[in-house]
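These are my notebook entries on a structure that I went through chain by chain. I set down what I looked up, in the order in which I looked.

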Amino acid sequence: MANTIAPNNPAENSAPRQADVRTEEMLVNMGPQHPSTHGVLRVVLRTDGEMVLESVPHIGYLHRCAEKIGENVAPYQYVPYTDRMDYLAGMNNNQAFALAVEKLTGLEVPERAKYIRVMFSELNRIASHLVAIGTYGLDMGAFTPFLYCFREREMLLDLFESACGARLTYSYITIGGVTDDLPENFVDVCSEFLDYFEPKIDDYNNLLSYNHIFVKRTGNVGVVSAEDAIRFGLSGPVLRGSGVKFDLRKAKPYEIYDRFDFDVPVGLPGGTAEIPRGVVVGDCWSRYYVRVKEMVESVKIIRQCLRDIPDADEKEGVCNKKCKTVKLPDDEVYMEIENPRGQLGFYVKGDGSAIPARVKARGPSFCNLCVLEYAGKNCLLADIPAIIGSMDVVMGEVDR
Amino acid sequence: MSFEEICQVLKSQFGDAIEETAVDSCRPFVTINADKWSEVAAFLRNDDRMAFDFLQCISAIDLLAEDKLACVYDLAAISPVSSTQDMTYLRELAVRVVTDRNAPQIPSVAHVWAAADWHEREAFDMMGIDFPGHPNLERILCPDDWVGYPLRKDYAHPLEYHGIPGTTEHELKSPRH
Amino acid sequence: MTQFSVPWKQSPPLEHRGPARGVVALARFVYSAAAPIVSRFPGLILTSAIVFSTLAVWIHWELFSYLETIAASDLNGTAKSIWGQSLTVGEIGAYLQSNSVAAGGVLKYLLWPLQMELFRDIVGLAAIFQLFNLIPVYAIWWERKVAGRIQSRMGPMRVGGWHGWAQSFADGVKLVAKEDLVPAQADGMLFKIAPYLAFVPSLLAFLCFPLGSYWVFRNVDVALIFIIAMVGIEVVGVIVAGWASNNKWSVYGAMREACQMVSYEIPMTTVLLVPIMTAGTLNMVQIGDAQSGGWFTWNAFHNPFTFIAFITYYIASLANCKRAPFDLPESESELVAGFHTEYSGFRWSLFFFAEYAAMFVVSGLAVTLFLGAWHTPLPSTWAFEETSLFKILLNGILFSSPFWFIFKCFIFIYIQLWIRWTLPRIRIDQVLYSCVQVMFPIACVALVGHAVWMVLLDGSMFSTLIRWVLGLIFAAVTFGFLSVAAFGYRNGRRMVGYLAVKQLPGS
């Protein structure tokens, strides 16, 4: 990364500069309508030629009052709003809110529903990472991996459709369980998909991850150290890309994650057989590659789910019968889960009625995006899409 | 370190700055006086026994019945950093800081946890809580010239913003609420 | 549908005014007249179009060659080119009569206009302009098909029936009929002029571009210099477009283009000196004809340095016509659309014409200078003795003709597309690094090495051996690619995505 030009502040103007090729500075408005801002993010860049001296993100273009709505509807009615937040990971968002409400009210979840929930949140993690990886290639100018990823994602969406009828905003995982039981041959189809999908990950690696130009574009770009990552409250692949082996599924197992055997991938220094030269811990490539590795781990978890899932119980069903009549106690709860983008937290405060007094979502994209101001300094203009893409923000969740 | 032990340490350190410890809650929290919050936050972050280095979330809440506003800080300690061992939460703590509803002010902790920067801006935008000491306290989700604080319980939705109607003709004729 | 009353003012639907209205009316008329036929016999129409255009080219080739042959025999070997010097109608008639061609008298008067330079120029220009228009149209359609295949999808499938072959024509009609937008804050005059500044130089490059020994509009002695100048001057149009748009992204695109073009001209022209040294001339026709002895006499296999020069030229030419991975001036993920962000409709399409024509020109340069121009891989000494019209025709098809030239050019355009849809884009500092620190030194080494080789080793046994080795390597690589392509064609036809779909309930 060309770090030779210091940011322009009055104190440094008199100091000798390493590269004195500065020209007039220019403010460039990137977004909210820009192809690589993944929605309606607006970043104001202070540039000197191709150098970006400062980048300030502005958000709020997709604000849809989701938290205010949460104070007006019952929890089971609010579930459809949660999957409109992070629309690429609807299952995980449903799960987070459902878990928060269940923890607050003490609702029991049937055993089979727990397995279904874990399975679908992991499937959705794969689907979400496929979009992240594909669009990241798109940001780098590689068009083709994007369509390969969407090809596989399409099959996942078929699986979701077979279970709940929806392809994007599922509302499948709901308070007290899941809305419907699995379709008849789901286990077979799903394991067939996994058999098909696992070798495809190598394809993505060959096509994109280890592509020399791709490594040159993303290696050692937008580096965030482990300490800074924790200081900024980053989470998910962005945190793990910085070499912090922290995953809520291991750190504080919710649902039934303690029953499964899986690994938590982290960003590693380059120069080994797996990680190419030119990669450092915490750069864009590490964050990207953590997502690729996480798909492998998700496949592992889903296989274990498919193996262990208990048979349907006619009496119990897959959803707690009290889910629509439950009253929220005068108490509060904060529940987080590991979303594909990081820690998705729901703060729910009840007041004794059926409608929450306050619902607050802690969006992982919201917290991950705030590091852009810090990472997007003194880099080239072409690095800004690289950094934004590696954060993998979903603006629906940032703005809520 | 359990919640009770953390409360003990805080009480011995700050005495009456600790206003309430809600142990029986679904998620126990400790209420801290807004005037002392700045020092307590620095202590929570820097003291070796505490070392809460990870700010998970700041949730602003409107306690209309008590005529108060409050912020709930969810803190966690996850250090030491490791890239080989699975890390866990060493301890967690929820802190509630209550402030007056008419002139809400809570000292900013953006210099303690960098993550607090945007969370505090959001609380300012949505609840109108002022955070003295924040480097750049502006509205974050709403436009800069928006009137009112949308998440307050007594917020009245504007009927018009720069010529854009905030409601439809149909709703005006037959209001739902 | 329910009509909602909205408080803001609704503008009436746009109406086409001026020439656009006429174009729309004409397009509607042509479409309504042609649609029933075209949609019923699309394959037949396409096939017959191909057959007829091919036949037309053959007949022209035959006629010109015949006239050349008889002219050469009559003037004791000093041939006059039909397109070069004047053949008066009297001379033509005399040749035809002296060769006792049947219906020579009629032919004489059919060819009568050809004695006037102006008429020849008009015909030649029209032909070049048509070529210039057709190449982008088909290259765009082909690029979309190739991209689709690479990405396991189909590409355009609807317009025209067979594999969407008329897609580009439909797009063209749409682009011409679109509203001609000039941003309010833009510099209107420059904004309107810029697409032509980019378009005209690419067209001019075709003027002295030989498609065959006699297939050249103006056989200029410094043709190579002229073509490179025309390809290089296109950058002016791009800069003007970027500046006049009054858009920061456009300015970025324009500056990137300027920076990239100017720097890549240096290694590109340096390596072009290599084939010039081999042939000893700047005349493209002579350079091409010097490579007529089969594929191992092509300049690229002359010695290792020419081969390096060929590879270097091809990479530099990618940068020069801003194809991926050097497509920074219009990188959609960074600069929205680069220098043509504010353009739409017809003016936008002019940029695309210029770009695809430039692709053809740089590929054509690679073919002419390094890969045997319009000659087949077979030595031209194997050609038939030109005793009859049929044999002349056969020679034209098998041994040297515009077909071979265009075919080779399209192979290189295909490689450009292949790279475009496979590789990510590189960054501006890496672009300049690879130019100044990698390609330029390699170009210098190739130039000096070739000069030394020409002085010390040219004509020796060793040199011939190296030439054969390089030629065989090239042949092996080509064969390998063809085998892989055939294997892929046999095994890769299975549509992906069937797996989950076929078993799910309700699908």
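**Entry 1: chain B, overall**

I began with the contacts of chain B: residues 24 or more positions apart account for 50% of those with a separation of 6 or more. I count two residues as in contact if their C-beta atoms, placed from the backbone, lie within 7 Å.

I note that this is a predicted model, in which local features need pLDDT of at least 70 and side-chain atom pairs count only at pLDDT 80 or more, while totals for chains, interfaces and linings use all residues. Residues are numbered from 1 along each chain as its sequence is written, and chains are lettered from A and ligands numbered from 1 in the order in which they are written.

I then looked up the secondary structure of chain B and found four helices and seven strands. Helices (H or I, at least four residues) and strands (E, at least two) are DSSP runs, numbered from the N terminus. From the N terminus on, I read the order as α-β-β-α-β-β-β-α-β-β-α. The C-alpha trace of chain B spans about 60 × 40 × 30 Å along its principal axes.

Of the 177 residues in chain B, 40% are buried. A residue is buried if 20 or more other C-beta atoms lie within 10 Å of its own, exposed if 12 or fewer, and partly exposed in between, with C-beta atoms placed from the backbone.

**Entry 2: the sheet of chain B**

Which order do the strands of the open sheet in chain B take? I found five strands in the order β1-β2-β5-β4-β3, with mixed pairing. Two strands pair if DSSP finds at least two bridges between them. β1 (18-22) and β3 (54-63) of chain B stand at the edges with a single partner strand each, so one side of each is left without a neighbour in the sheet. On average, and with direction ignored, neighbouring strands of this sheet are turned by 20 degrees against each other.

Within the sheet I followed β4 (residues 68-77) and β5 (residues 91-100) of chain B, which run antiparallel and are joined by 10 bridges. B:Cys71 stands opposite B:Val97 in β5(B). Helix α3 (residues 116-127) of chain B packs on the sheet and touches β3 and β4 of chain B, its direction making about 10 degrees with that of β3(B). Axes are lines fitted to C-alpha atoms, for helices over the stretch in contact, and angles run from 0 to 180 degrees between N-to-C directions.

**Entry 3: strands and helices of chain A**

Is strand β7 (residues 342-349) of chain A mostly covered or uncovered? I found eight of its eight residues buried. Strand β6 (residues 332-339) of chain A pairs with β7(A) in the antiparallel sense over eight bridges, and a hairpin joins the two through two residues. In this pairing A:Glu338 stands opposite A:Gln343. β7(A) also pairs in the antiparallel sense with strand β8 (residues 358-362) of chain A, over five bridges. There the bridge partner of A:Lys349 is A:Arg358.

I next looked at helices α5 (residues 111-139) and α15 (residues 383-391) of chain A, whose axes come within 9 Å and cross at roughly 180 degrees. α5(A) and α15(A) are therefore roughly antiparallel to each other, a term that applies to angles over 145 degrees. The contact is made by A:Thr135, A:Tyr136 and A:Asp139 of α5(A) and by A:Pro385, A:Ala386, A:Gly389 and A:Ser390 of α15(A).

**Entry 4: where the chains meet**

The contact of chains A and B takes 38 residues from chain A and 33 residues from chain B. Among the elements of chain A that each supply at least two residues to this side are β6, β7 and β8.

Chain C has 17 helices and zero strands, and 36% of its 507 residues are buried.

Leaving aside its neighbours within four places in sequence, C:Val361 is in contact with C:Ser202, C:Ala205, C:Phe209, C:Ile227 and C:Val231.

Terms used
Angles under 35 degrees count as roughly parallel, over 145 as roughly antiparallel, 65 to 115 as roughly perpendicular and the rest as oblique.
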